[in-house]
Amino acid sequence: MVKTQRADEVADFASCLGDIDDIFFHSSATRDFCSQEEKQAFRERWLGRYIEKHHGSFFVALDADGRAIGYLAGCLENPTTLGHFNDVAYFRSIEDICRDYPAHLHVNVAERYRNRGLGTALVGRFVEWAKLHSLKGIHVVTSSTARSIPFYQRSGFTELRTLPWNVGTSVCMGRKL
């Protein structure tokens, strides 16, 4: 039996962090780091700030033993209005989109649990959370070559814009609520 909960609903969320980190790094396209400091900075940028600053919008999928097997790092606020996202340059490229789709998320599921509906369940919980907070839309940004694009499409997201990012192209997708 798998359950999805907000981080602040999990009795011992701190015990889930090791599993969440493993899922994060195994799901990331970035695998090589020059130093432990660079690896920690990467984690902070794409995961840590969500756990610390948006704890109430961070969802985790737990197996029957209470181990994290997936997570959704979400933020209900427009990232262009929050100083701790100033280092994510692509937000400036989608500032207009963020006004209509202020919430955003990253979702990852442990490889052996993929294609079982966990990502869909996590997104569903976040959508309900965003609706409860009267938001009008959610956006995601992913690589144009990511395997997640069909998943987001099935979850009700549509392509809003493509933009250059790092050495490739990213896609901003949105879902109206």
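A: To begin with a definition, two strands pair if DSSP finds at least two bridges between them. Helices (H or I, at least four residues) and strands (E, at least two) are DSSP runs, numbered from the N terminus. This is a predicted model, in which local features need pLDDT of at least 70 and side-chain atom pairs count only at pLDDT 80 or more, while totals for chains, interfaces and linings use all residues. Residues are numbered from 1 along each chain as its sequence is written, and side-chain values use heavy atoms, with hydrogens and water left out.

Q: Then, in β7, what is the bridge partner of serine 143?
A: The partner is serine 170. Strand β5 (residues 137-143) and strand β7 (residues 168-176) pair in the antiparallel sense over seven bridges.

Q: And which residue of β7 is the bridge partner of threonine 162?
A: Valine 171 is. β6 and β7 are antiparallel and paired over seven bridges. They form a hairpin with two residues between them, and asparagine 166 in the turn has a positive phi of about 55 degrees.

Q: What is the order of the strands in the open sheet?
A: The order is β1-β2-β3-β4-β5-β7-β6, seven strands with mixed pairing. β1 (3-6) and β6 stand at the edges with a single partner strand each, so one side of each has no neighbour in the sheet. Neighbouring strands are turned by 25 degrees against each other on average, direction ignored. For such angles, axes are lines fitted to C-alpha atoms, for helices over the stretch in contact, and the angles run from 0 to 180 degrees between N-to-C directions.

Q: How many bridges join β1 to β2?
A: Four bridges join these antiparallel strands. Arginine 6 stands opposite phenylalanine 59 in β2.

Q: Turning to the helices, which strands does α2 lie across?
A: α2 lies across β2, β3, β4 and β6, and runs at about 80 degrees to β3. α1 lies across β2, β3 and β4, with an angle of about 80 degrees to β3.

Q: Where is the kink in α2 centred?
A: The kink in α2 (residues 36-53) is centred on glutamate 44 and amounts to about 55 degrees. The bend at a residue is the angle between axes fitted to the seven residues ending there and the seven starting there.

Q: Which residues of α2 are buried?
A: They are Phe42, Arg43, Trp46, Leu47, Gly48, Arg49, Tyr50 and Ile51. Buried means under 20% relative accessible area, exposed over 50%, and partly exposed in between (1.4 Å probe, protein chains only). These residues pack against elements including α1 (17-27), α3 (90-93) and β6 (158-165); contact here means heavy atoms within 4.5 Å.

Q: What covers the buried residues of α1?
A: The cover includes α2, β2, β3 and β4. Among the buried residues of α1 are Ile20, Ile23, Phe24 and Phe25.

Q: How many residues are in the largest nonpolar core?
A: The core has 59 residues, and those with the most contacts inside it are Ile20, Phe58, Ile94 and Leu105. Its largest share, seven residues, comes from helix α5 (residues 118-132). A nonpolar core is a set of buried Ala, Val, Leu, Ile, Met, Phe, Trp, Tyr and Cys residues joined through side-chain atoms within 4.5 Å. Beyond four places in sequence, the contacts of phenylalanine 58 include Phe13, Ile20, Leu47 and Tyr71.

Q: Now the rings: how many aromatic pairs does the count come to?
A: The count comes to 13. Rings of Phe, Tyr and Trp (its six-membered ring) pair if their centres lie within 6.5 Å; planes under 30 degrees apart count as stacked, over 60 as edge-to-face and the rest as tilted. Phenylalanine 33 and phenylalanine 42 form a tilted pair, 5.3 Å centre to centre with 55 degrees between the planes. Phenylalanine 33 is partly exposed at 22% relative accessibility, whereas phenylalanine 42 is buried at 17%. The rings of tyrosine 50 and phenylalanine 85 are 5.5 Å apart at their centres with planes at 50 degrees, so this pair is tilted.

Q: Which residues do ring pairs link into a cluster?
A: Trp46, Tyr50, Phe85, Tyr90 and Phe91 are linked.

Q: Last topic: is histidine 54 buried or exposed?
A: Histidine 54 is buried, at 6% relative accessible area, and is placed in the loop between α2 and β2. Beyond four places in sequence, its contacts include Gly74, Cys75, His84 and Phe85.
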